[in-house]
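Dear colleague,

I am handing over the structure we spoke of, and my notes on it follow below. Please read them with the model open beside you.

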Amino acid sequence: MLNQFSRTQLLIGADGMEKLFSSRVAVFGIGGVGGFTVEALARSGVGAIDLIDDDKVCLTNLNRQLLATRKTVGKYKVDVAEERILEINPNAVVRKYKTFYMPDTADQFDFSEYDYVVDAIDTVTGKIALVMQAKEAGVPIISCMGAGNKMDPTAFEVADIYKTSMCPLARVMRTELRKRGVKSLKVVYSKEPPMTPLDDMTISCRTHCICPPGTARKCTERRQVPGSNAFVPSVAGLIIAGEVIKDLVGYSAKNS
């Protein structure tokens, strides 16, 4: 029967679509990267999606985040994402957590319920905790490395964390994961050397904070506000979604 997923089914077949319909994916971080990942998962037919992010849409998100529009400024990102998912697929099951994932909030999540975990958060402590919790539960996880301060969307690659280069965040993650005995981690990273953002206080969130009321973590507390754009984080997010979908349906170029 013709439906909104028919074009996808032409590529992965009815069995592949059934696998997606019955899969549950958790996306930690619904920002510039995670927002596009959620979009692609929903449009691919993933049946259940968990959204984890405590942040609200800010005016400065409009340059790169799919969920950010003038109408959504001030709303929780997970609420906006849920509405968008259900407009695409009314049969999807969406669970929302207005939570900032860190080791002290990790016990809110039962990773054994997930078929895949997406790490699209930007704190090293949280990323390491996500990897360790996923590994302990035996759940596949893909982690996004640095997407800020970049201008070349073609520089992204999918690799094991221990085969990455150039990315400062990946370097830190390699060191910390090696200490913990983690032997592999699938990541999306950029080989582009990061730029140094302009130190322009006239347009800096550090001196002109416009975060919505009730925002827990303001840019004024950051050591540096990274520069970003519409075409780098989005590509990282779509690559991640593609890897999740292919892994869930067991796709490889060899058997296509």
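**Salt bridges**

The structure, which is a predicted model, holds 15 salt bridges. In one of them the side chains of arginine 24 and glutamate 113 meet, at 2.7 Å from N to O. This pair links distant parts of the chain, since arginine 24 belongs to strand 1 while glutamate 113 sits in the loop between strand 3 (93-97) and strand 4, 89 residues apart. Arginine 24 counts as buried because its relative accessible area is 10%, below the 20% cut-off, whereas glutamate 113, with a relative accessible area of 37%, is partly exposed.

A second salt bridge is formed by the side chains of glutamate 82 and lysine 96, at 2.9 Å from N to O. Here too distant parts of the chain are linked, with glutamate 82 in helix 3 (residues 77-88) and lysine 96 in strand 3, 14 residues apart. Lysine 96 has a relative accessible area of 35% and is therefore partly exposed.

The side chains of glutamate 176 and arginine 180 also meet in a salt bridge, again with an N to O distance of 2.9 Å. Glutamate 176 counts as buried at 19% relative accessibility, and arginine 180 counts as partly exposed at 39%. Elsewhere, salt bridges that share partners join Arg24, Asp50, Arg95 and Glu113 into one network.

**The chain as a whole**

The chain contains six helices and seven strands, and along the sequence they follow the pattern α-β-α-β-α-β-β-α-β-β-α-β-α. Its radius of gyration is 18 Å, close to the 18 Å that the globule rule gives for 256 residues, so the chain is as compact as a globular protein of that length. The C-alpha trace spans about 55 × 45 × 35 Å along its principal axes. Of the 256 residues, 48% count as buried, and of the contacts with a separation of 6 or more, 68% are between residues 24 or more positions apart. The accessible surface comes to about 13,000 Å², with 53% of it belonging to carbon and sulfur atoms.

**Helix 4**

Helix 4 (residues 124-137) has 14 residues, which at 1.5 Å a residue should span 20 Å, and the separation of its end C-alpha atoms, 20 Å, agrees with this. Its buried residues are Gly126, Lys127, Ile128, Ala129, Leu130, Val131, Gln133 and Ala134, and what covers them includes strand 1 (24-28), strand 4 (116-119), strand 5 and helix 5 (168-179). The helix is followed by glycine 138, which has a positive phi, near 70°.

**Loops and a surface patch**

Methionine 151 is placed in the loop between strand 5 (141-144) and strand 6 (156-160), and at 45% relative accessibility it counts as partly exposed. Together with Met195 and Phe231, Met151 forms a nonpolar patch on the surface, with about 290 Å² of accessible area in total.

Finally, cysteine 211, in the loop between strand 7 (186-190) and helix 6 (233-249), is buried, with a relative accessible area of 18%. The C-alpha atoms of cysteine 211 and valine 57 are separated by 8.3 Å, although the two residues are 154 residues apart along the chain.

Note on methods. Residues numbered from 1 in each chain as written. Predicted model: local features only at pLDDT ≥ 70, side-chain atom pairs only at ≥ 80, totals over all residues. Heavy atoms only, no water. Patch = residues over 30% accessible without salt bridge, like charges linked within 9 Å, V, L, I, M, F, W, Y side chains within 5 Å. Areas by Shrake-Rupley, 256 points an atom, 1.4 Å probe, with all protein chains shown as cover. Salt bridge = Lys/Arg side-chain N within 4 Å of Asp/Glu carboxyl O. Helix = DSSP H or I, 4+ residues; strand = E, 2+ residues; numbered from the N terminus. Buried < 20%, exposed > 50% of the residue type's maximum accessible area, 1.4 Å probe, protein only. Rg over C-alpha atoms; globule rule 2.2 N^0.38 Å. Contact = heavy atoms within 4.5 Å. Expected span 1.5 Å × (residues − 1).
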